[in-house]
Structures are given as structure tokens and as C-alpha cells.
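Let's take a friendly walk through a protein model, one part at a time. Keep the picture open while you read.

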Amino acid sequence: MEVLEKKRQINYGEGINRDDFPILLETIRNHPVVYFDNAATTQKPKQVIDALVKYYEHDNANVHRAIHQLGERATAGFEKARNKVAEFINAHSDKEIIFTRGTTEAINLVATSWGRKFVESGDEIILSEMEHHSNLIPWQLLAKERGAHLRFIPFKEDGTIDYNEFIKLMNKNTKLIAITHMSNVFGTINPFKKIIRTAHDWGVPVLLDAAQSVPHLPVDVQQLDCDFLAFSGHKMLGPTGIGVLYAKTQLLENMDPYQGGGEMINTVWLEKATWNEIPHKFEAGTPNIAGAIGLAEAIDYLQDLTMETLTLYEQDITTYALEKMMALDGITIYGQAPERGGVVSFNLENVHPHDLAHFLDQHGIAVRAGHHCAQPIMRKLEIASTTRASFYFYNTYEEIDYFIDKLQEAAKFFAF
Amino acid sequence: MENEFRELYQDIIMDHNRSPRNFHKMKEATHVLDGQNPLCGDHYTLYLKVNDDQIIEDISFYGSGCAISKASASVMSAMLKGQSIEKADQFFKLFQKIVKGEVDPAEYLDKIGKLAAFSGVSEFPIRVKCATLPWHTMHKAVHGSNEKVSTE
């Protein structure tokens with residue numbers, strides 16, 4: 001068994017360099033940190049940290065308006081970052097990449113700029129019952145404002161949304177479908193290809209909340225054929241405060257601006273203005289230039305490693321964790337679809353997640369306890385919360401062994 | 001494991017978590033109020049039966065949450081049964097000081113009894129809201145609020 005486990009590590013872990021992540025050398029209460037909260041945010045390699053420092057030390061200026069050399073460098077870096085993102089998800093053009101603060105703002109942008117223009121009273125927006133609040137609340141606000149209705153695709157016991165129920169919800173009033181690509185609670189991957197195809201048969205656009213998928217799987221927007229895709233930089237080695245909305249050119253051309261201010265305008269009079277071209281139309285004010293540059297560096301890092309290596313390794317480490325976890329007494333694991341990423345939500349019998357997370361923290365293990373910004377899921381499962389362990393490629397088999405040991409200790413500590 | 005952690009989950013707390021006292025709904029309650037920590041999912045309903053002399057004749061709670069919040073609700077219910085509201089308010093103030101580490105529980109030991117078990121909470125500021133949730137709920141309930149209590 002030991003030898004076999006070692007072998008798996010050599011096969012899949014090649015090219016992964018944990019030493020690039022300075023924070024993984026931290027000790028928490030005299031234990032080396034075991035960071036299993038990657039679905040919340042990932043750690044940053046020194047390459048990304050250095051890129052931020054380099055930008056501020058050598059290139060800092062405002063973008064798109066300066067004649068001077070530094071302004072040119074900052075603009076070049078920022079636009080190169082846009083190009084890097086476009087290439088990473090295989091967008092048709094750089095113009096289809098809008099920088100936002102994160103996934104949440106990207107979805108709010110669509111709800112505001114596309115929703116307010118095209119959604120009318122009586123229209124329907126289809127979401128699923130397993131959405132993160134960030135792909136639920138913007139639509140609730142829009143529906144309330146426009147007199148539109150939200151419809152929800154239920155999820156099945158395996159933690160994926162039910163395609164057959166989805167078909168039943170489609171009708172002539174359906175205006176948009178907005179669903180999660182990969183669940184932040186279950187780690188499961190939804191049957192999005194079938195959903196996108198069906199939606200397009202009805203002429204309805206689809207938004208994918210890709211906050212959990214883009215960091216972990218190769219994503220190709222042209223192949224997916226989704227109309228909108230939202231994700232965050234900080235969940236994929238990048239800095240916080242930078243995220244991306246991808247949208248097809250034609251949709252962006254037809255949408256109204258998101259916020260008003262500098263950068264997004266073409267010509268301004270006292271009482272009116274004309275809008276800048278896409279993508280700038282949607283980027284009012286000074287953007288997060290350093291953040292975009294840091295995100296581009298993160299993408300470079302992922303591309304050097306290759307998304308294929310990353311995915312294979314994560315699949316293996318997750319399978320390893322799941323096998324060991326399932327063997328524990330009194331454990332319930334929520335969502336067990338075969339197609340899944342490295343997010344595992346679970347409960348130990350008679351141990352509240354909050355107590356468990358606190359116990360694990362005493363041993364340097366960082367996990368999440370709570371409703372994971374998905375209260376409707378918890379309500380449907382009739383639980384208040386879960387503990388969630390979520391992995392990234394820098395996690396190791398040894399860390400999982402240690403985690404399993406501590407789970408067993410916790411079960412004993414809190415035993416009835 | 002750090003001693004502070006064992007101190008937090010000491011025997012009294014573990015005992016009340018495993019076998020919470022007065023853990024049931026109450027039909028004849030005069031005051032009913034929900035209290036919750038939305039972030040961690042603690043959610044209890046508190047039931048109080050207060051008579052004309054402002055004495056808490058009966059008190060119970062129901063719901064789910066972490067060991068700290070459940071034990072706190074359980075100990076509170078056991079302590080307040082038969083007490084006046086005035087006395088309950090005094091305990092509430094004292095309890096807040098204990099969990100924030102503002103008083104030495106040893107000084108008040110004869111007065112506070114089992115509440116001393118919660119002094120370990122002061123080492124973990126993030127758990128203060130778990131411990132105080134039932135008390136905040138009680139306080140609001142007896143002082144006439146119908147608004148749900150949230151300690152986030």
C-alpha cells in the first residue's frame with residue numbers, strides 16, 4: 001500500500017514545486033500549515049508576488065491615458081494580461097475579456113448591463129438550487145426590479161443538477177440560464193454541455209459561474225460555447241480583487257455600460273456621453289492594474305505546469321482523500337458524482353463543523369466550516385452546515401494522511 | 001494539542017453538548033424567539049414562560065449548533081429557571097464579561113457557578129459569538145423584541 005501510494009505521487013506530481021509557495025512554510029500552533037481551503041482562495045507562488053512588486057517598483061502609472069513611458073509600460077502590461085486571459089480560456093478576441101473585481105462583480109455586471117436592458121416583466125431566468133449566493137442574489141435583485149421570475153433546476157443526490165428537470169423548465173419566457181460550472185459545495189461538475197446545447201436550441205444565452213472550474217480544469221470557451229463565463233483571479237494563484245467576465249462580442253456590443261466614469265466613455269458633453277468600445281465600455285475608473293498583471297503571471301505559472309498535469313494530479317489526490325474519508329466511521333460526504341473536482345463537503349456524526357474546524361486548526365489544518373455561501377443547498381439537505389476540505393495541486397498525499405489522522409482524533413475527542 | 005483548546009471544551013461543556021438540559025419546544029411559552037449565527041449555521045429557538053411577577057417559570061430551547069453554543073444554551077436554561085428577569089439580566093452582563101476575559105471567574109465563582117466553564121472562550125475571540133448567542137436571544141426575548149437575533 002505504502003509503495004503504491006508513493007508510486008502514484010511520482011506519476012502525477014511531476015513538475016509540481018511546492019517550494020514556490022512561501023506561505024506553505026508557515027507553522028500554525030507549531031504545526032506546518034496544511035492549507036485545505038483552496039475553494040475559498042488559493043495561495044500565491046513567489047512568481048506572482050514578485051510580479052506585483054516588480055510592477056510597483058518599475059512600471060506603475062495609470063493606464064490608457066498617459067503619453068509618458070511609465071504609462072505606456074503600465075498600459076502594455078495591463079493589455080498583455082487581457083491577452084493572456086483570452087488565450088488561457090481560448091476566447092475569440094481580447095475584446096471579450098472584461099476585468100472585474102472577481103466572479104461576484106462579473107455576474108453583477110451581466111445582471112445589470114445585460115439584465116436591465118433585456119429582461120422584462122414576466123420573463124424567466126433559470127438558475128439551479130446549488131448556486132453560490134453570488135450567482136443567486138444578483139438575479140433576485142434583477143427579478144424584483146423587472147418583475148421577472150426565477151426558476152430553479154433541482155440537484156440530484158449525487159450533487160449535480162438534474163438535466164431532465166431543466167428541460168421541463170425551458171419555455172418561451174426563458175431569458176437566461178445562469179448555473180455553476182463546478183459546485184463550491186460538492187465539487188461536482190454539472191452537465192453543462194447538454195444544458196448549453198438545449199438552451200441555444202431555444203435561442204437562450206447561458207452564463208457559467210466558473211469560479212471553481214477555471215482554476216482546476218482546462219476551460220475552452222469556444223468549445224463550451226457558453227455566452228458568459230465568470231471567474232476570479234484569487235482562486236487560481238492570482239491576487240485578490242481581480243476577476244474576469246468573458247462574454248461573446250455580440251452580447252457585449254449590445255449591452256449598456258455597467259458603471260459610469262472615466263475610461264468607459266468616448267466623448268462627453270455636460271448632458272450626455274458616448275461609450276468607449278468594448279471591453280473598455282465596461283471598465284469605468286482606474287482598474288486593478290497590478291491585479292491583472294499578477295493574474296497574468298498566475299496564468300503563466302499554470303501554463304508552465306500545464307492544466308493537464310494539474311487536473312490529473314488533483315483528480316488523483318481527491319480520489320485518495322475520498323477513499324480514506326469514506327472509510328471513516330460516522331462520516332457523510334455530500335455530493336459524489338463521478339465527474340468532480342477537489343472539493344469535499346462532509347460531516348462527522350455528532351461533531352458540529354464549527355467545532356471540527358476549530359479542532360483541526362489546533363493542528364495547523366485550514367478547512368472551511370459553514371454554509372459555504374449556499375444556504376439553499378443546506379436547507380435542502382436539511383443540515384445547517386458542513387465542513388469542507390478543498391485541494392489544490394500543491395497539497396500532498398502526506399497532508400491528506402495527516403488530515404485523516406486528525407479527523408479520527410476529532411471523532412474521539414468529541415465522541416458521545 | 002494546546003491546553004487552551006482543552007480548557008475550551010472542558011467536561012461541563014462536553015456534557016451539556018451531549019445531553020443538553022431543557023432541550024425541547026414549549027407550547028405554553030409566553031416568549032419565543034429565534035437566534036442564529038448565519039455564518040456557521042447555529043440556529044436555536046428559545047422558549048420562555050414568564051409569570052406576572054417577572055419570574056422565569058420555565059425555559060427551554062431547541063435547534064442545532066456547535067458544542068459551545070449548545071452547551072451555553074443548556075447551562076443558561078438550567079441557571080435561569082425560577083430566576084427573575086432582573087437576575088437574568090445580571091447574569092447576562094456577567095457572562096459577556098466572562099467570555100471576553102474581562103473578569104476573573106474565580107472571583108465570582110459562588111455567584112456564577114457553571115458559567116465559569118465558559119471562561120475558556122476568551123482565548124478564542126471567534127467563538128465568543130457562539131457562547132453569547134443564547135444569552136442575546138434570551139435578553140431580546142424578555143425585553144419584548146420580536147426580531148430574530150443574529151450575532152454575526
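Which residue stands opposite Ile97(A) in β10(A)? Tyr246(A) takes that place. Please keep in mind that this is a predicted model.

**The sheet**

The strands β4(A) and β10(A) are joined by four bridges, and they run antiparallel. Both belong to an open sheet of seven strands in chain A, in the order β4-β10-β9-β8-β7-β5-β6, with mixed pairing. At the edges of this sheet are β4(A) and β6(A), each of which pairs on one side only. On average, neighbouring strands are turned by 20 degrees against each other, ignoring direction. As background, strands of a sheet pair through backbone hydrogen bonds, either parallel or antiparallel.

**Two helices**

Helix α4(A) lies across β4, β7, β8, β9 and β10 of chain A, and it runs at about 35 degrees to β10(A). Another helix to look for is α10(A), which has 17 residues and reaches 25 Å from its first C-alpha to its last, close to the expected 24 Å. Why is α10(A) largely enclosed by the rest of the structure? Because 13 of its 17 residues are buried. Just after α10(A) comes Thr306(A), with a positive phi of about 80 degrees.

Here is where to find some of these elements:

| Element | Residues |
|---|---|
| β4(A) | 97-100 |
| β6(A) | 149-153 |
| β10(A) | 243-247 |
| α4(A) | 103-118 |
| α10(A) | 289-305 |

**Where the chains touch**

Chain A and chain B each give 13 residues to their contact. On the side of chain B, these are seven nonpolar, four polar and two charged residues.

Technical notes. Residues are numbered from 1 along each chain as its sequence is written. Chains are lettered from A and ligands numbered from 1 in the order in which they are written. This is a predicted model: local features need pLDDT of at least 70, side-chain atom pairs count only at pLDDT 80 or more; totals for chains, interfaces and linings use all residues. The expected span of a helix is 1.5 Å times one less than its number of residues. A residue is buried if 20 or more other C-beta atoms lie within 10 Å of its own, exposed if 12 or fewer, and partly exposed in between; C-beta atoms are placed from the backbone. Two residues are in contact if their C-beta atoms, placed from the backbone, lie within 7 Å. Ala, Val, Leu, Ile, Met, Phe, Trp, Tyr, Cys and Pro count as nonpolar, Asp, Glu, Lys and Arg as charged, and the others, Gly among them, as polar. Two strands pair if DSSP finds at least two bridges between them. Axes are lines fitted to C-alpha atoms, for helices over the stretch in contact, and angles run from 0 to 180 degrees between N-to-C directions.
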